[in-house]
Amino acid sequence: MSKKRIGILTSGGDCAGLNAAIRAVVLAADNKGWETVGILHSTAGLFEDPPHIRILRADDLDGTILRRGGTLLGTTNKGYPFAYPMPDGTTKDRSQELIDAYHKLGLHALVGIGGDGSFAILRRLAQQGGINLVGIPKTIDNDLGMTESSIGFDTAVTVATEALDRLQPTAASHDRVMILEVMGRDAGHIALATGIAGGADVILIPEIPYSIEGVAKKIKAVKDTGRNFALVVVSEAVKKPTGECLQIEHSGGEKRYGGIGAYLCAQITAATGSETRVTVLGHVQRGGAPTYSDRLIASAFGAKAVELIAAGKFDRLAVWRNREVVDVPIEDAIKSYQAVDVNSSLVHTARTLGISFGDVS
Ligand code: F6P
């Protein structure tokens with residue numbers, strides 16, 4: 001096999017396990033005698049002249065990187081290249097600059113580690129500019145189709161479950177209702193998994209309509225059993241029962257979900273008379289050491305990505321299905337967005353365990 005030079009970038013929000021995936025790609029490529037070029041801060045690194053890159057050598061990625069959160073390459077979830085925001089307030093199609101930089105670097109292929117938004121961009125660039133793209137799925141939201149798990153989800157759920165473990169004793173000490181607001185964007189996977197694993201009484205997810213009365217009924221029922229506390233997990237994208245979406249505006253006018261926990265806190269207090277507190281977990285779910293499971297799938301995805309390149313199979317995504325790492329067309333994964341299936345066995349499990357979704361009765 002001839003010596004190849006491949007590129008790798010992490011795109012979109014970071015999560016735990018990205019470094020494990022980068023390491024796996026570098027080790028697998030090194031095994032074939034190839035060179036790996038790390039592109040810094042996702043596509044932003046390719047806008048620079050010269051491009052911001054770091055040559056990744058197997059020897060440099062010692063045993064510590066596998067355990068570290070974040071991404072050694074940096075990332076961004078801004079700067080849409082087809083309508084790039086310019087300083088004068090206009091937008092400009094800068095996609096060709098990225099394509100030119102890829103070819104200038106002499107890359108044979110590009111490994112993109114991202115979620116559905118990142119892959120929509122990278123795939124369009126690949127098609128426009130003859131980039132040999134291979135993908136690795138990552139997102140704590142676990143909303144990418146065709147894969148049972150994406151890098152970062154397991155760690156996020158583990159962190160959120162530990163938060164419930166810590167909230168339960170303090171809730172019991174003060175006779176309180178504790179609300180935990182978790183991330184997940186438009187999908188309720190983190191809340192559902194955390195609520196079951198952490199013994200919640202109520203789980204609220206965007207996929208299942210709820211009412212304050214439904215939530216209050218469950219909390220009162222818990223109290224009637226003689227238990228003095230209750231645990232509620234809510235996804236950040238859950239709306240007010242009126243349908244109003246709660247968002248927070250950050251720097252640069254960027255809007256993100258946030259505020260449903262505080263809203264529910266006031267509503268639950270009013271409806272049940274219970275002393276109620278809210279914890280918003282936020283980016284804690286993305287940082288820290290990856291769980292074994294995230295390291296495992298990240299390693300498998302990284303090795304698979306290099307195999308795909310060696311086989312000349314491009315526009316493919318490494319995915320986890322039926323205990324195996326296999327590959328599917330990137331397009332299929334993007335198209336099949338995966339929200340929580342309200343008829344899934346996990347929703348059924350929660351209901352069987354007596355967990356309420358605050359259903360509108
Ligand atoms: O998609 C990952 C995610 O963490 C979502 O769960 C969350 O809504 C969003 O990103 C937060 O984005 P940012 O890091 O830009 O605040």
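These legends describe close-up views of one predicted protein model. Residues are numbered from 1 along each chain as its sequence is written, and side-chain values use heavy atoms, with hydrogens and water left out. In this predicted model, local features need pLDDT of at least 70 and side-chain atom pairs count only at pLDDT 80 or more, while totals for chains, interfaces and linings use all residues.

View 1. The chain is divided into domain 1 (5–151 + 290–321) and domain 2 (155–286 + 341–352). These bounds come from an automatic or database domain assignment. The domain centres, taken over C-alpha atoms, are separated by 33 Å. Domain 1 gives 13 residues to the contact, and domain 2 gives 13 residues. Contact means heavy atoms within 4.5 Å. About 1,000 Å² is buried between domain 1 and domain 2, and carbon and sulfur atoms give 50% of this area. Buried area is the accessible area (1.4 Å probe) that two parts lose on being put together, summed over both. Across the interface there are 2 salt bridges. A salt bridge is a side-chain nitrogen of Lys or Arg within 4 Å of a carboxyl oxygen of Asp or Glu. The count of residue pairs in polar contact between the domains is 4, with both residues at pLDDT 80 or more. A polar contact is a pair of N or O atoms within 3.5 Å; within protein, one must be able to donate a hydrogen and the other to accept it, and residues adjacent in sequence count only if both atoms are side-chain atoms.

View 2. T139 sits in the loop between β7 (133–137) and α5 (153–174). Helices (H or I, at least four residues) and strands (E, at least two) are DSSP runs, numbered from the N terminus. T139 is buried, at 9% relative accessible area. Buried means under 20% relative accessible area, exposed over 50%, partly exposed in between (1.4 Å probe, protein chains only). A polar atom of the T139 side chain lies 2.9 Å from the backbone nitrogen of D141. Leaving out residues up to four places away in sequence, T139 touches L144, S150, I151 and F153. D141 also forms a salt bridge with R185, with the closest N and O atoms 3.7 Å apart.

View 3. The side chains of E275 and R176 form a salt bridge at 3.2 Å, N to O. E275 lies in strand β13 (residues 275–280) and R176 in strand β8 (residues 176–182), so the pair ties together parts that are 99 residues apart in sequence. E275 is partly exposed at 37% relative accessibility. R176 is buried at 14%.

**View 4. A salt bridge within a network.** D327 pairs with K304 in a salt bridge, the closest N and O atoms being 3.6 Å apart. D327 belongs to strand β15 (residues 324–329) and K304 to helix α9 (residues 292–310), so parts 23 residues apart in sequence are tied together. Salt bridges that share partners join K304, E307, K313, R316 and D327 into one network. A search of the whole structure finds 18 salt bridges.

**View 5. Helix α1 and its surroundings.** Helix α1 (residues 18–31) has 14 residues. Of these, 10 are buried, so α1 is largely enclosed by the rest of the structure. Among the buried residues are L18, I22, V25 and A29. Their cover includes β1 (5–10), β2 (35–39), β3 (53–56), β6 (109–114), β7 and α9. After α1 comes G33, with a positive phi near 80°.

Methods: The expected span of a helix is 1.5 Å times one less than its number of residues.
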